[in-house]
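Have the picture open and check along.

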Amino acid sequence: MDRNKQHRQVALMRQSLFDQGLLDEQFVQLEELQDDANPNFVEEVVTLFYRDSARLILNIDQALDKSPLDFAKLDGYMHQFKGSASSIGAKKVKSECTLFREYCKAGNGEGCKRTFQQLKKEYALLRKKLETYFQLARQVGPVETACRRI
Amino acid sequence: MEQPSKINNNEKSVQQGFSPSGCGDLIATKKFTALVVDNDPICQIIEKAILESQGVETQFVGSGIDALDLLATGANFDIIIIAWVLPMMNGVETTRHIRAMGIRSKLLAVTACFDERKKKAFLDAGVDEFIEKPLNPKKVASIMREMKK
């Protein structure tokens, strides 16, 4: 596949992440922080996010298994999770975090559990799509002009 | 010969770095410094990168206690960014202690989850601005523009 076609494929893949509502403007802001000194900044941050948040996911899973539920603790975990998810532009994950916190405030354990299952799905889906995107982007190499359309 | 004061009094010359005193000296470009107080490693890295992209020399610490210890050594920062959730001492308490130390740095509170109660608590404690995460470069750029005036 010629280079232009490959770049177009990467651009389309990137655009689809925004079109599907998986990413928001914050991701673009992070891309704009990349430079020659830090060409893989976004990928590194995303990798760190998934590594770091695995611990939080486990904590939340364990806390949801307890009875009675400690909503304050759950809220605290989710507050932290939302902070890092929003910092990488993970739009759907962030929405599920907000919903989860609303269920915590309402003391609705079933709502929390249901939302958390959805959150984990969105989290895993985003991870898979970003891994594919970053892998292809690395293979193809940098584009010469910015492609900012979102 | 044209009077230097005429050149140096105009705003454009000041912006170019010439002293308004008319002596032709260049104003040293101020290097801003920032401290990020946030225990989330992702937020630490991103907030630091955003600040550094605006030319701000940045350090980060993971707790309010560490921030107070650092400030007590005499370390000086133009901007201090404080998260709500911090271990041992939350962001509001940390802010109160910082202001009680007489520190006049620009304090920005950041939180993942906005609510009015939180905003009021932070503002009452002494922050200058309250921002919902994520911190973004446009917001930092506008703060820097204000500070440079």
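Q: What order do the elements of chain A run in, from the N terminus on?
A: They go α-α-α-α-α-α. This is a predicted model, by the way. The tally for chain A is 6 helices and 0 strands, and its C-alpha trace spans about 60 × 30 × 20 Å along the principal axes.

Q: How much of chain A counts as buried?
A: Of its 150 residues, 45% are buried. The cut-off for that label is under 20% relative accessible area.

Q: What share of the contacts in chain A with a separation of 6 or more comes from residues 24 or more positions apart?
A: That share is 71%.

Q: Why are α4(A) and α6(A) called roughly parallel?
A: Look at the angle: α4(A) and helix α6 of chain A, residues 109–140, pack at about 25°, with their axes 13 Å apart. Angles under 35 degrees count as roughly parallel, so α4(A) and α6(A) get that name. Their crossing is left-handed.

Q: Which residues meet where α4(A) packs on α6(A)?
A: From α4(A) you have A:Phe71, A:Met78 and A:Phe81. Across from them in α6(A) are A:Gly109, A:Cys112, A:Phe116, A:Leu119 and A:Tyr123.

Q: What makes α1(A) and α6(A) roughly antiparallel?
A: Helix α1 of chain A (residues 3–19) and α6(A) cross at roughly 155°, and their axes come within 10 Å. Anything over 145 degrees counts as roughly antiparallel, so that is the label for α1(A) against α6(A). Their crossing is left-handed. Among the residues that meet here are A:Val10, A:Met13 and A:Leu17 in α1(A), with A:Leu130, A:Tyr133 and A:Leu136 in α6(A).

Q: How do you know that the buried residues of α6(B) line one face of the helix?
A: Start with who they are: in α6(B), residues 116–125, the buried ones are B:Lys118, B:Phe122 and B:Ala125. Seen down the axis of α6(B), they fall within an arc of 65°, so they line one face. On the other side of α6(B), B:Glu116, B:Arg117, B:Lys120 and B:Asp124 are exposed.

Q: What do the buried residues of α6(B) pack against?
A: They pack against α4 (71–87) of chain A, together with β3, α5, β4 and β5 of chain B.

Q: What is found at the start of α6(B), and what follows the helix?
A: At the start, a side-chain oxygen of B:Asp115 reaches to within 3.0 Å of the backbone nitrogen of B:Arg117. After α6(B) comes B:Gly126, with a positive phi near 125°.

Q: How do you know that α5(B) has its buried residues on one face?
A: The buried set is B:Gly91, B:Val92, B:Thr94, B:Thr95, B:Ile98 and B:Arg99. Viewed down the axis of α5(B), they stay within an arc of 160°, so they line one face of the helix. Their cover includes α4 (64–72), β3, β4 and α6 of chain B.

Q: What about the start of α5(B), and what follows it?
A: A side-chain oxygen of B:Asn90 comes to within 3.0 Å of the backbone nitrogen of B:Val92 at the start. Following α5(B) is B:Gly102, whose phi is positive, near 85°.

Q: Why are α5(B) and α6(B) called roughly parallel?
A: They pack at an angle of about 15°, with axes 8 Å apart. The limit is under 35 degrees, so the two helices count as roughly parallel. The contact is made by B:Gly91, B:Val92, B:Thr95, B:Arg96 and B:Arg99 of α5(B), with B:Ala121, B:Phe122 and B:Ala125 of α6(B). This crossing is right-handed.

Q: Why does B:Met88 count as exposed?
A: Its relative accessibility is 75%, and exposed means over 50%, so B:Met88 qualifies. You'll find B:Met88 in the loop between β3 and α5 of chain B. It has a positive phi of about 70° although it is not a glycine.

Q: Which peptide bonds are cis, with what omega?
A: One is the bond from A:Ser67 to A:Pro68, with omega near 0°; A:Pro68 sits in the loop between α3 and α4 of chain A. Another runs from B:Lys133 to B:Pro134, with omega near 10°, and B:Pro134 is in the loop between β5 and α7 of chain B.

Note on methods. Residues are numbered from 1 along each chain as its sequence is written. Chains are lettered from A and ligands numbered from 1 in the order in which they are written. This is a predicted model: local features need pLDDT of at least 70, side-chain atom pairs count only at pLDDT 80 or more; totals for chains, interfaces and linings use all residues. Side-chain values use heavy atoms; hydrogens and water are left out. Buried means under 20% relative accessible area, exposed over 50%, partly exposed in between (1.4 Å probe, protein chains only). Helices (H or I, at least four residues) and strands (E, at least two) are DSSP runs, numbered from the N terminus. The arc is that of the directions from the helix axis to the C-beta atoms. Contact means heavy atoms within 4.5 Å. A polar contact is a pair of N or O atoms within 3.5 Å; within protein, one must be able to donate a hydrogen and the other to accept it, and residues adjacent in sequence count only if both atoms are side-chain atoms. Axes are lines fitted to C-alpha atoms, for helices over the stretch in contact, and angles run from 0 to 180 degrees between N-to-C directions. Angles under 35 degrees count as roughly parallel, over 145 as roughly antiparallel, 65 to 115 as roughly perpendicular and the rest as oblique. A crossing is left-handed if the near helix is turned anticlockwise from the far one by less than a right angle, and right-handed if clockwise.
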